[in-house]
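Dear colleague,

Here is the structure I said I would pass on. My notes on it follow below the display.

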Amino acid sequence: MKIWMVVFATLLLGGCSTSVERVDSDTTIDLSGAWNDSDSRLVAEEMIQDALSRPWISDFTSRTGERPAVIVGTIRNLSHEHINLKTFVADIERELVNSGRVDFVAAKTERGEIRDERLDQDLNARDDTRNPAGQELGADFMLTGQINTIIDAEGNQQVRFYQVDLTLISMADNRKVWLGQKKIKKLIKNPSIRY
């Protein structure tokens with residue numbers, strides 16, 4: 001009898017084990033219908049490609065002879081769900097930097113650490129390796145934005161609508177030089193959805 005109980009318990013526990021499969025990080029996997037890494041990456045790629053194809057960049061370059069310097073300001077999550085904005089902002093920054101068409105300025109939170117390092121270098125580094133204060137590149141444009149959602153649910157179906165709006169603003173005169181918008185709509189069918 002004890003042997004059968006051990007066999008039964010082993011079979012029961014074996015059926016409840018966790019399975020892990022490694023997949024390519026670019027693979028789109030949408031389990032819940034919520035905002036995910038694929039949404040973040042795709043929205044950032046499409047919006048930055050659109051931004052870089054617009055006239056603001058050539059207008060600035062022809063007027064100054066230089067690449068514009070861009071900084072990411074506040075991007076707000078006004079959706080109903082938790083969205084990790086740090087990964088979304090990192091996706092945006094990567095696309096901007098890797099384009100080679102703009103210079104990218106470190107965010108306010110990053111600059112404090114860099115300035116502390118410069119002060120330390122001023123006291124402790126050799127003269128030929130010091131980076132002096134007062135040589136930072138100022139931003140010409142700031143990118144701001146927000147993520148909004150609308151949910152429509154009935155029975156065991158739900159539609160999640162995401163709208164991402166980004167605005168590029170000239171630091172010199174507060175002109176909005178680019179307005180970008182990306183929309184994502186997901187139909188979710190799940191018998192356990194209850195709203």
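**What was found**

Reading from the N terminus, the order of elements in the chain is α-α-α-β-α-β-α-β-β-β. That makes five helices and five strands. Please keep in mind that this is a predicted model. The chain has 195 residues, and 32% of them count as buried.

Helix H2 covers residues 37-52, and aspartate 37 belongs to it. With a relative accessible area of 46%, aspartate 37 is partly exposed, because that value lies between the 20% limit for buried and the 50% limit for exposed. In sequence, aspartate 37 is 50 residues away from threonine 87, yet their C-alpha atoms are 8.0 Å apart in space.

Helix H3 spans residues 55-64, and its buried residues are Trp56, Ile57 and Phe60. Viewed down the axis of H3, these buried residues fall within an arc of 100°, so they line one face of the helix. Pro55 and Ser62 are exposed on the other side of H3.

The last item concerns charge. A patch of negative charge on the surface is formed by Glu110, Glu113, Asp116, Glu117 and Asp120. One of these, glutamate 117, sits in helix H5, which runs over residues 108-124. The relative accessibility of glutamate 117 is 41%, so this residue counts as partly exposed. A residue needs over 30% relative accessible area to be part of a patch, and glutamate 117 has 41%.

Regards

Terms used: Residues are numbered from 1 along each chain as its sequence is written. This is a predicted model: local features need pLDDT of at least 70, side-chain atom pairs count only at pLDDT 80 or more; totals for chains, interfaces and linings use all residues. Side-chain values use heavy atoms; hydrogens and water are left out. Patches are made of residues with over 30% relative accessible area and no salt bridge: like charges are joined within 9 Å, nonpolar side chains (Val, Leu, Ile, Met, Phe, Trp, Tyr) within 5 Å. Accessible areas come from the Shrake-Rupley method with a 1.4 Å probe; for residues, only the protein chains shown count as cover. A salt bridge is a side-chain nitrogen of Lys or Arg within 4 Å of a carboxyl oxygen of Asp or Glu. Lys and Arg count as positive and Asp and Glu as negative; His and the chain ends are not counted. The place of a charge is taken as NZ of Lys, CZ of Arg, CG of Asp or CD of Glu. Helices (H or I, at least four residues) and strands (E, at least two) are DSSP runs, numbered from the N terminus. Buried means under 20% relative accessible area, exposed over 50%, partly exposed in between (1.4 Å probe, protein chains only). The arc is that of the directions from the helix axis to the C-beta atoms.
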